[in-house]
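Subject: Two-chain model, handover

Hello,

Here is the structure you asked for, with notes on what was found in it. Please look at it first and then read on.

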Amino acid sequence: MKGANLGEFEELVLLTIAALASEAYSVAICDELEKYTGRAAKLGVVHSVLNRLEDKGLAKSRLGEATSTRGGKRKRFYEVSHTGKVALMKAKEMRENIWRNIPGFNLEGSI
Amino acid sequence: MKKQQQAAPPKWATSFLRWYCRPRLLEDLEGDLNEFFDRNVQRKGVRRARLIYVIDVLKFLRPYTIRKIEIFHFFIHWIMIGSYLKTSRRSLVRNKLFSLINIIGLAVSMSVGLLVIAILTDLKSYDGFQEKKDRLYRVITTTTEKGNANEMKLASTSVKIGDRIKEAVPAIEDVTVIRQGLWGDAKVNKGTFPISALYADNSFLKVFSFPLLKGDRNTALKDPYHLVLTEKTSKKLFGDTDPIGKSILIDTTNYVVSGIVQDVPKLSHLTFEALVSFSTADARKIDADLHNWASIWSNYVYVTFPKKTDPESIQPALDRLSKEENKALTARTIFISLQPLKDIVLGGKLSNNIGPAIAPSMIWVLGGLALVVILSACFNYTNLSVARSMRRSREVGIRKIIGAQKSHVLGQFMAESVIIALLALLFSFGLFLVLRNQFMMLDKHMPDLVALDLRFETIFYFLLLAVATGLAAGLLPAVFFSKINALTVMKDASNFKIFRRIGFRKALIVTQFTLSLIFIAATLVGYNQYKGLLSFDLGFKTDNIINIKLKGNKADLLSREITQIPTVKKVSQSMMVTSLGSMYGESFRYKMDSASIWQNRVDEHYLPMHNHKFLAGSNFKLRPEEGKESEIIVNQQTLKHFHIANGDPQKAIGEVVKIAARDLVIVGVVKDFHYGTLENKIEPVVFRYATDVPGGYLNVKVETNNLAATMEGIKSAWQKVDKVHEMDAKFYDDQIEEAYSQFSVMIKIIGFIAFLAICIASLGLFGMVVFTTETKLKEISIRKVLGASEEGLIYLLCKSFLVLLVISALIALPATYLFFDKVVLTRFAYHQPISVVEMLGGAFTVMLLAFLMIGSQTVKAARNNPAKVLKSE
């Protein structure tokens, strides 16, 4: 299944959702990503990735309560699904595996 | 801070987002954009924020956000049509008055639309039977005389084009040359019949699709003195016998019948009774200049291409050809171009046209008038529907509560108006059949121009018009109803603001009445002007004069017979009948000054009989034969224009002028008179002596109370002299009327439209008044109980409507005046002043009518017994 693979940006967004816990909605995710990566995260990009993640079943969403901000529109809160958690773990493991296999790699010399 | 709170993103962008976005994603996305907008307002200011918002909305237009087309919603309309029909029928029956006003108004106005559609489809389908219609072109000519800035556009061209065009433009498939001007009497065994034929060369039957029933298509028009008859002509001349190979004597020449073509369809710009081979024209030497480049007056050239070709693309080749040929000309330049077949009838009038042609502006005027009347009826529908919205708002409220969406309500009301329009179509179709006959009788040339038969195409357009009218009429009410808020309506219907759109409705009424007033004022002013044209002092007398076309008969013979009728007082001869629009030019020279001049050739009785006033000199003294004339009579303008004797009539007598290469002595000077129509300024005119001019007239002055008997007498005199031709005799005054018939047709059409417009506007006003008084019944009753007088109440009810009428009069009357003063009457060199009395009279009539409408209803309302009205609640 092609959709099961996790792209780099997808992984980042999914991690951010996890990090934000119960406050993960589109605008907040954008802000958070910007904070972590130092790059501007466009709403359009994030929005489409969120939509894709949900399609792949890696994230779940629900509508929050209406508030007076945002023109009275409700927020859509995201949450990492079980499959999403598994995918994140897998990605992490994969990376660590690779890291482990790099011989004599340390950062000391470069500092 | 507060200002920033108020700053909102552009509404249209939000609406657009809502329109395209999937409902599932919409709320969240809209919220997000809103949040960013608020942030941007803080950081970058309102304007930047709005811009970013708009860009973002556009950026989100992606495959995953766009909503799927909801087929289900679409189907609901189809499912609901039964329900729409039912509710429409109910509301039609419930509001009989409103339905009646709407249906009558729409039916009446649409009948005009139907007529225009029938005319347009007829004009459009001219020559549609030609198989090569898309690649058939006519060569037309633009010519300029040296020393004359005006160029002349001719439908005719030179025969030489036909000879040379294929060499200039090798892409041309076939060329055919036609020549007008074969009229004569065909003698066969059965008798003598007048016949009109076209000279046509051998490719004619290849270029045009006139199917040959008998004979050989390739050779029928090849040899000289061969002719092809139409089926009808063949029947007339030979009955049921086979005419092929038989001979016909036309005038003095014998022709052999070489083929029969199917009768020419009605909607064909070329019409003929027979085709004579073009080689005959050469063989008979009918014109020494026939193949001359400058002989461009009565020949027509048509070409076909193997496929549709842009005329522009071969224009350079044609220009080269024209330039090369023009080198030999000194007096004029001639340029040719191609005109597609479909533009021949609709492309406007060219000089020397063959077949009918109509100016495109005429079509716009017709269409415009129909549109105005239909719009007026649509206004009625819109106005009345919105006005009675209070009664239907509950229905809409309930529909909405049950689950109808905006689009459903919209659909319902649109469906209703379309149903009404279709009902109106039934009535208007009946009216159309009546109108069609009337229209055909408007002008005697009308039946030649259009057939107005019903075809599948026309019926389709009729239905289309009805649906379009329905949609146009129903759009505003439908939008209005679909925006109704269900809750407010259901809570308290009286709270519902029915008069919210009062300004809009008033504007519609003013528009309707302004148009009606313009039409009626235009009709009255036009009629007055038209009467003025007919009774204008032409400078000579035309009453009781009958002009008889000689048709080649000897004038002496006929006048001898006619003078024996006791009621005939005088008889004279003339080459032409003046003041009808036809003009005959001749070159004129006085000393060094030469120019073109208008002439009439008359006998010695003509001038006294027509009461032309001599300022000096006298009538012709000599009675010269053809070619030996020496006398001429001129008008004042001639003296002025050519500076003859300083314009003094007495001194001008005896001066010698040169006309048509002859020296003539001025023997008389007549007072200026109108040689052309009143559209032309008076120009130099001369009278020359002549009798028995070809194509001339016999002018007969009668003095009688019994015109019919005199006419009979003249007719039997004619039949003694000429047994073949029908007599063509008309009263001079009738001929003048005919010369201006286009204006009388115009006035009749506009008058009729005015009548319709007023009817429709009055109906609408009536409906509005009924409705307003109905809704105000309680108010009136209470006022009455409190002591208001009847007059006061009537004034109260009428006031607003009267103001509207006055406003429309103030717009309409000056507009009409300016239109006539600046546009219409500038065409006429001589006309009467516009009479303000008539315009005011028209306005007054309309006002009176409207006042009666308003008055009758308001008086009824004001006289109501208040106790009854108030008790019933």
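**The contact between the chains**

Chain A and chain B bury about 1,700 Å² between them, and carbon and sulfur atoms give 48% of that area. Buried area here is the accessible area (1.4 Å probe) that two parts lose on being put together, summed over both. On the chain A side, A:His47, A:Arg70 and A:Lys73 supply 33% of what chain A buries against chain B, more than any other three residues. The contact (heavy atoms within 4.5 Å) takes 19 residues from chain A and 18 residues from chain B.

Before the rest, some ground rules. This is a predicted model, in which local features need pLDDT of at least 70 and side-chain atom pairs count only at pLDDT 80 or more, while totals for chains, interfaces and linings use all residues. Residues are numbered from 1 along each chain as its sequence is written, chains are lettered from A and ligands numbered from 1 in the order written, and side-chain values use heavy atoms, with hydrogens and water left out.

The rule finds four salt bridges across the interface of chain A and chain B, each being a side-chain nitrogen of Lys or Arg within 4 Å of a carboxyl oxygen of Asp or Glu. One salt bridge joins the side chains of B:Arg24 and A:Glu54 (3.9 Å, N to O). In chain A, α2 (26–37) and α3 (43–56) each supply at least two residues of the side that touches chain B; helices are DSSP runs of H or I of at least four residues, and strands are runs of E of at least two, numbered from the N terminus. The largest share of that side, seven residues, comes from α3(A).

**Chain B**

Chain B has 30 helices and 22 strands. Its radius of gyration (over C-alpha atoms) is 36 Å, well over the 29 Å that the globule rule (2.2 Å times the number of residues to the power 0.38) gives for 873 residues, so chain B is more spread out than a compact globule. Along the principal axes, the C-alpha atoms of chain B fill a box of roughly 105 × 70 × 65 Å.

In an unreviewed entry, UniProt lists "transmembrane region" for several spans of chain B, including 362–384 and 793–820; such annotations may be inferred rather than shown by experiment. Residues 362–384 of chain B are 100% helix and 0% strand, with end C-alpha atoms 33 Å apart. Residues 793–820 of chain B are also 100% helix and 0% strand, and their end C-alpha atoms lie 41 Å apart.

Regards
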